[in-house]
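These are brief notes for a colleague who is opening this entry for the first time. Please keep the sequence and the structure in view while reading the points below.

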Amino acid sequence: MKDAARKLAAISNTDAQPHYREAPNNIEAEQALLGAILVNNDAFYRVSDFLKPTHFYEPLHRQIFEVAGDIIRMGKIANPVTIKTFLPAEEKVGDMTVAQYLARLAADAVSIINAEDYGRAIYDLALRRALITIGEDMVNIAYDAPLDMPPQTQIEDTERRLFELAESGRYDGGFQTFSDAVAQAIDMASAAYERDGKLSGISTGILALDAKMGGLQRSDLIILAGRPGMGKTSLATNIAYNIAAAYEPEVMPDGSLKAKNGGVVGFYSLEMSAEQLATRIISEQTEVSSSKIRRGDITEADFEKLVACSQMMQKIPLYIDQTGGISIAQLAARARRLKRQRGLDVLVIDYVQLMTGAKKAGDNRVQEITEITTGLKALAKELGVPIIALSQLSRQVESREDKRPQLSDLRESGSIEQDADVVLFVFREEYYVKNMEPRDPDDPKYAEWEAQMEKVKGTADVIIAKQRHGPTGTVKLAFQSEFTRFTDLADPSFSQYEH
């Protein structure tokens, strides 16, 4: 008790002036900008793209900017006389009425030339206040420890808010002239012309696929689907490795790095561990079968190949996250973090059905998958990167005579088809023909089976069932099952039967 009394006495004896910090603001900049707008309405258009009423610190300034903006957009003149009727007449600014304050703003107006600089100063201070708000919320929630927001959820929510602030903290957006849009289109074509393979998107490393798709396009959600055993994961790892291995950074004027060729790849492996995935990729690259690597059944030459490959692979920008059952919110938070820390050009998810949504009471699996695919499409747009999401197909494929997948086979949700920009199916006829082998080699049908097997052996079809900005159709690839590797087919014109 004595200790508590002593502390209270110490507090009461401290300086009577409380320590108070005002949020960052610049009232003079706000007044200067509003004055410039009231004198010359053109000043409004210099800042209207990035500056909103909420960015002003002083509530009256917010009202003035909002009313002035509305009047100017209607094609009318905003000046102290026309705007005063829309503002509270009885409000006082010190010893001045609002009308007198408006007249003072116009009288003290600075040049319109400085309007944009003042606008940016106001905007930057608003960003700093937003940062303070996020920080205060984070501290308060951490102290309160609400049941519905465990620490992990709080981290994800804070990361999302910070990323939104970072991404919106640019002076862009709004309408642009058609000439600007044309210039951007020409820049894209020029970049495609200079890039390996002359593609507008990121090359998959498989020429036949690139020819149909133009590479992987920014902000696209690409669904890669197939029945178990078809090689979905193999194709995804092949593409991921090809992109990461081709990575060639280019330093931008602001010092940041941008991929000139290839790219930084984030791989969410929900099914396999990072070590299993690495074994697969090493097997694909060294042509030593993964089963031999796992058993240690390898020669010295094979081992040297593995060591050389692993040394090369350590340099490539391929990042693996092996968290099982990850939620869409966690996945998005980690992807944002990877983009800010290391860069990110392509995201691969293996596979959608192993993810979880924000389970709400009464939600069924279809609603959960809908939430996941909608979230993935939104994330692709937010990060500006292609997302390759693998998906299972329903069993109804097996019961059909023709085992080729169709869009209706996408499991559990029509939203997968709806949200995807591209839907690819992996289909290996060899898998089904192999299972139809007659038990008796003397069976007359055996020769027929052998001929059919010879025809489909070592090939795979990638069916482009949907593509928003390109043709649909089938791409034939070579598939080496022992190394789980997809490659372009050798040109049939170089066949050994032709002279």
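1. E116 and R120 both sit in helix 7 (residues 115-144), 4 residues apart, about one turn of the helix. Helices here are DSSP runs of H or I with at least four residues, strands are runs of E with at least two, and both are numbered from the N terminus. The two residues form a salt bridge, with the closest N and O atoms 3.0 Å apart; the term requires a side-chain nitrogen of Lys or Arg within 4 Å of a carboxyl oxygen of Asp or Glu. E116 is partly exposed at 29% relative accessible area, and R120 is partly exposed at 31%. Buried means under 20% relative accessible area, exposed over 50%, and partly exposed in between (1.4 Å probe, protein chains only).

2. The model is predicted: local features need pLDDT of at least 70 and side-chain atom pairs pLDDT 80 or more, while totals for chains, interfaces and linings use all residues. Residues are numbered from 1 along each chain as its sequence is written, and side-chain values use heavy atoms, without hydrogens and water.

3. The protein has 499 residues, of which 40% count as buried. Its secondary structure comprises 19 helices and 13 strands.

4. The count of salt bridges is 8. One of them joins K377 and D421 at 2.7 Å, N to O. K377 belongs to helix 16 (residues 365-383) and D421 to the loop between helix 17 (414-419) and strand 10 (422-427), so this pair ties together parts 44 residues apart in sequence. K377 is buried at 16% relative accessible area, and D421 is buried at 5%.

5. D421 also forms a salt bridge with R468, with the closest N and O atoms 2.8 Å apart. R468 lies in the loop between strand 11 (459-467) and strand 12 (473-480), 47 residues from D421. Shared partners join K377, D421 and R468 into one network. R468 is partly exposed, at 47%.

6. Which residues touch the most other members of the largest nonpolar core? They are L216, I223, V348, L376 and I388, in a core of 77 residues. Helix 11 (residues 232-245) contributes the most to this core, with 7 residues. A nonpolar core is a set of buried Ala, Val, Leu, Ile, Met, Phe, Trp, Tyr and Cys residues joined through side-chain atoms within 4.5 Å. Another core, of 31 residues, lies apart from the largest one and includes A68, I71, A78 and M96.
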